[in-house]
Amino acid sequence: WGLIGPHGIEAADAWQNSVSANEVVVAVIDSGVDVAHPDLASVIWINQNEIPGNGIDDDGNGYVDDINGWDFTTNDNLPDDGNGHGTHVAGTIAAVRNNNIGIAGVAGNVKIMALKFLDSSGNGYTNNALAALNYAVANGAPISNNSWGGGGSSTSLFNAIEAANQAGHTFVAAAGNSGRNIDSEPSYPAAYGNSNIISVAAINSSGDLASFSNYGLNNVDIA
């Protein structure tokens, strides 16, 4: 229903309109991505400036053999997903359509850059999140998906999002799943005031706010 139902996003119309659209790199900042998943393998970003497996930082970006992204939890070039959440998110964005496998992703003209900062339990550190964001911006992703939150306000993360803003990067953030008003009880990063943040709440199949979803007139942009 989220794709084509009366309260969905009318994805079929968007797919028609985007047949000849330019490709966009989307950074999934999350728990990693199963880059070999049959519904995702063909839509994973490939760093064309890096030679796979030669142990050299060919493009000089500070990361060795970063072919599909980076794992900031263990500081290596295998952003595999020990939790499943990042792969779920990547599928929602870009799972291949009409292949009789799994689901249909929202967008057909994207490549997924896998940036892991959450561990197998779904926990992560703010410094790794902002490192992932900095990587996304530096390596050409104009947009990132950030379906995570928690912890207090962080000046360093706010500044990283603002630096991304100055570089023309859009930061899509989950409003959160605590059923609260994040204008009065902020949830970060969704509630930061940066103008490049799109904070997204959840609806149900009736078109109403999902019972678990955060909300807020000022700090939530769309549902």
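Biologist: Is Phe-72 buried or exposed in this model, and at what relative accessible area?
Modeller: The model is predicted. Buried means under 20% relative accessible area. Phe-72 falls in the buried class, with a relative accessible area of 8%.

Biologist: What kind of aromatic pair do Phe-72 and Tyr-135 form?
Modeller: The ring centres of Phe-72 and Tyr-135 are 6.3 Å apart, and their planes stand at 75°. Planes over 60 degrees apart count as edge-to-face. The pair of Phe-72 and Tyr-135 is therefore edge-to-face.

Biologist: How many residues apart in sequence are the parts that this pair ties together?
Modeller: Phe-72 lies in the loop between strand 2 (69-71) and helix 2 (85-94). Tyr-135 belongs to helix 3, and at 2% relative accessibility Tyr-135 counts as buried.

Biologist: Which residues form one aromatic cluster with Phe-72 and Tyr-135?
Modeller: Tyr-63 pairs with Phe-72 edge-to-face, at 5.9 Å centre to centre and 75° between the planes. The one cluster that holds Phe-72 and Tyr-135 also takes in Trp-45, Tyr-63 and Trp-70.

Biologist: How many residues apart are Glu-23 and Lys-111, which form a salt bridge?
Modeller: The closest N and O atoms of Glu-23 and Lys-111 are 2.9 Å apart. Glu-23 is exposed, with a relative accessible area of 52%. Glu-23 lies in the loop between helix 1 (11-17) and strand 1 (24-30), and Lys-111 in strand 3 (residues 110-116), a separation of 88 residues.

Biologist: How wide an arc do the buried residues of helix 4 cover around the axis?
Modeller: In helix 4, the buried residues are Leu-157, Ala-160, Ile-161, Ala-164 and Asn-165. Their arc puts them on the same side of helix 4, while Thr-155 and Gln-166 are exposed on the other side.

Biologist: Which elements are included in what covers the buried residues of helix 4?
Modeller: Helix 4 spans residues 155-166. What covers its buried residues includes helix 3 (126-138), strand 5 (170-174) and strand 6 (197-200).

Notes:
Residues numbered from 1 in each chain as written. Predicted model: local features only at pLDDT ≥ 70, side-chain atom pairs only at ≥ 80, totals over all residues. Heavy atoms only, no water. Helix = DSSP H or I, 4+ residues; strand = E, 2+ residues; numbered from the N terminus. Expected span 1.5 Å × (residues − 1). Buried < 20%, exposed > 50% of the residue type's maximum accessible area, 1.4 Å probe, protein only. Arc of directions from axis to C-beta. Contact = heavy atoms within 4.5 Å. Phe/Tyr/Trp six-rings, centres within 6.5 Å; stacked < 30°, edge-to-face > 60°. Salt bridge = Lys/Arg side-chain N within 4 Å of Asp/Glu carboxyl O.
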